[in-house]
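Dear colleague,

Please find the structure below, handed over for your records. My notes on its salt bridges follow.

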Amino acid sequence: MRLKPLSKGPLSFIAIVVLLIIVSTMLMLNRQYEVLQKSSRLGADNDVWAYAQLGYEYFRLTDQVEHQLGEHDAEQISALQMRYDIFVSRVDVIANASYVGNDDSAMIRNNLKTLHAFIKKTDQYLGPNVPLKYNREKIIELRNDLNQLQDIILEMIQIAKDNTLHNAENYSNTLREQSAVISGMILLQLGLTIAFTLLLYRQYGLEHKRSKDLEDLNIALASATSRAEQASQSKSVFLANMSHEIRTPMNGILGMLDVLSTMALSEQQKDYVVTARSSAQHLLALLNDILDLSRLESGKIELETNPYSINQLVRECMRLMRVRANEKKINLTLALADNTPEWQLGDIVRVRQILLNLLGNAIKFTEEGEVALCVSATPKDIIFIIIDTGIGMTPEGLSRLFKRFQQAEKSTARRYGGTGLGLEISLTLTELMQGHIDVQSKLDVGSQFTVLLPRQDCAAPEMSTPTMKTEKTGASLSILAADDNPINLKVVGAMLANLGHQVDYASDGAEALAMVQQKNYDMLLMDGHMPIMDGLEATRQIRALGGDYAKIPIIALSADALAESRTEFIAAGMNDFLAKPVLLKTLEQTINKNRHS
């Protein structure tokens with residue numbers, strides 16, 4: 001049976017009882033001390049001693065009287081007077097003593113009256129201030145008086161002896177009773193102290209065990225946390241590596257398909273290219289979803305706060321989704337309420353991701369009818385409502401919504417495909433923005449997703465001058481492409497050739513650094529991970545050369561799609577960043593944006 005620690009109640013009760021016993025014992029000891037003091041006083045000035053002295057002096061006085069009568073010596077009268085004075089002083093001692101007031105005090109007082117009468121009579125011829133002279137008749141009378149006092153004196157001595165014995169017995173009984181009580185209380189106190197000590201020892205043992213259990217639990221938790229952090233770190237590294245490794249061949253696939261689509265192809269060949277590119281883009285979207293989910297789990301997604309136009313955002317989303325809607329012959333409409341503010345502070349990339357995900361789902365699950373995006377505002381929120389006339393969901397299906405790798409109905413996954421990650425990512429991003437998503441749906445009628453984001457109105461940002469960052473077209477450029485992957489070099493070479501530019505190739509950063517110093521290039525496309533010298537170090541050394549080298553546009557072309565990678569490349573001195581796979585149109589826009597006029 002598992003022992004439980006005692007509550008404070010029993011321990012407090014025992015402590016109070018022990019305290020009361022200690023106080024009672026101290027009171028009993030104090031009382032015993034008083035008794036012992038009385039007994040000690042009796043030992044020093046007891047009745048027996050005082051009365052014995054009285055008897056002793058009585059007999060010495062009697063002997064002196066007999067001696068005085070036998071010697072007939074008138075000169076010895078002074079000795080008789082001295083014995084008489086001593087006798088009188090013994091009577092005074094008894095008369096002034098406290099033990100006169102005991103149980104036999106009445107008899108003692110009567111005897112003392114007789115003695116005082118004797119003294120009063122005798123003082124007439126032996127008292128102080130009386131001229132001494134030998135008077136035989138008075139001495140005979142004194143002997144007679146003394147003989148009459150003998151019984152009184154002996155009686156007083158006997159009374160004193162009896163009283164002393166009686167008091168001694170009383171004190172002895174009292175001390176014996178008190179000692180018995182004190183012994184009992186000490187034994188009880190000892191027992192309670194032992195019990196209290198055992199309980200404290202038991203309590204200490206339980207507390208020590210509990211502390212040890214907690215310590216072991218903390219160690220286990222710390223170990224589990226460490227393992228979880230290591231696993232999370234390993235997962236992040238694995239995903240980053242997998243992302244890099246998948247994006248590299250995807251760059252070859254999409255890039256080549258993109259270049260191929262610009263060539264003269266038959267209708268059947270064009271259809272094959274479109275199909276292959278659609279499949280590759282779907283695979284890329286799946287990879288992006290997995291990366292986003294991993295970063296959301298690890299808390300590595302940091303939202304940006306920049307001004308963005310709601311009007312431009314929703315119209316861009318409608319433009320991107322219209323192709324898919326037209327393919328399914330679905331009406332895609334936009335309703336923008338008049339009270340919608342034009343500019344908001346937030347992360348436009350993540351808001352766009354949420355809207356595109358919900359609009360994409362609405363189009364995917366709608367076979368006929370329409371999909372509508374309605375935008376409005378309240379004083380606190382910006383409201384995006386996506387309404388479709390699609391297949392709808394049952395209440396059971398709604399309960400599974402927003403759960404990882406799950407769709408509303410199993411048949412839905414088989415019919416429409418998808419991983420079920422998009423809605424969870426959208427919900428997590430929305431909650432990261434302090435907003436939330438509501439869903440209403442009815443089977444075979446349609447669904448309505450409502451996204452509420454906190455309203456953060458702001459002024460329109462100052463627009464940059466068109467001549468700085470607008471796309472520029474012009475003469476053919478001389479471009480150096482640095483990448484350790486031959487396929488990527490082949491892809492980027494084909495794209496640049498398609499765009500009419502001249503391209504040279506370097507297989508690592510050191511070779512690119514050397515070639516830059518041997519030939520004047522208009523632009524560099526630099527991969528990040530390369531042997532011998534990576535793109536970051538190559539860029540730093542090129543910028544360190546100074547002069548025109550510090551101004552030559554360098555665009556990162558990397559399979560590291562994480563946001564922190566972009567920041568790292570820009571910090572190394574690069575002008576722009578493109579994540580692989582790169583589309584032909586995107587590459588053209590980026591080159592034109594960064595080329596010198």
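Arg 143 is partly exposed, with a relative accessible area of 25%. In this predicted model, Arg 143 forms a salt bridge with Glu 66, and the closest N and O atoms are 3.6 Å apart. Glu 66 belongs to helix H2 (residues 47-71) and Arg 143 to helix H5 (residues 136-261), so the pair ties together parts that are 77 residues apart in sequence. Glu 66 is likewise partly exposed, at a relative accessible area of 36%.

A salt bridge also joins the side chains of Lys 519 and Asp 504, at 2.8 Å from N to O. Because Lys 519 sits in the loop between helix H14 (509-518) and strand S10 (523-526), while Asp 504 is in strand S9 (residues 502-506), this pair ties together parts that are 15 residues apart in sequence. Lys 519 counts as partly exposed at 37% relative accessibility, and Asp 504 is partly exposed with a relative accessible area of 23%.

Asp 576 and Arg 566 form a further salt bridge, their closest N and O atoms being 3.9 Å apart. Asp 576 lies in strand S12 (residues 576-579) and Arg 566 in helix H16 (residues 563-571), ten residues apart. Here Asp 576 counts as buried, at 6% relative accessibility, whereas Arg 566 is partly exposed at 39%.

Finally, a network of salt bridges links Lys 121, Lys 138, Glu 141 and Asp 145. In total, the structure holds 20 salt bridges.

Yours sincerely

Note on methods: Residues numbered from 1 in each chain as written. Predicted model: local features only at pLDDT ≥ 70, side-chain atom pairs only at ≥ 80, totals over all residues. Heavy atoms only, no water. Salt bridge = Lys/Arg side-chain N within 4 Å of Asp/Glu carboxyl O. Helix = DSSP H or I, 4+ residues; strand = E, 2+ residues; numbered from the N terminus. Buried < 20%, exposed > 50% of the residue type's maximum accessible area, 1.4 Å probe, protein only.
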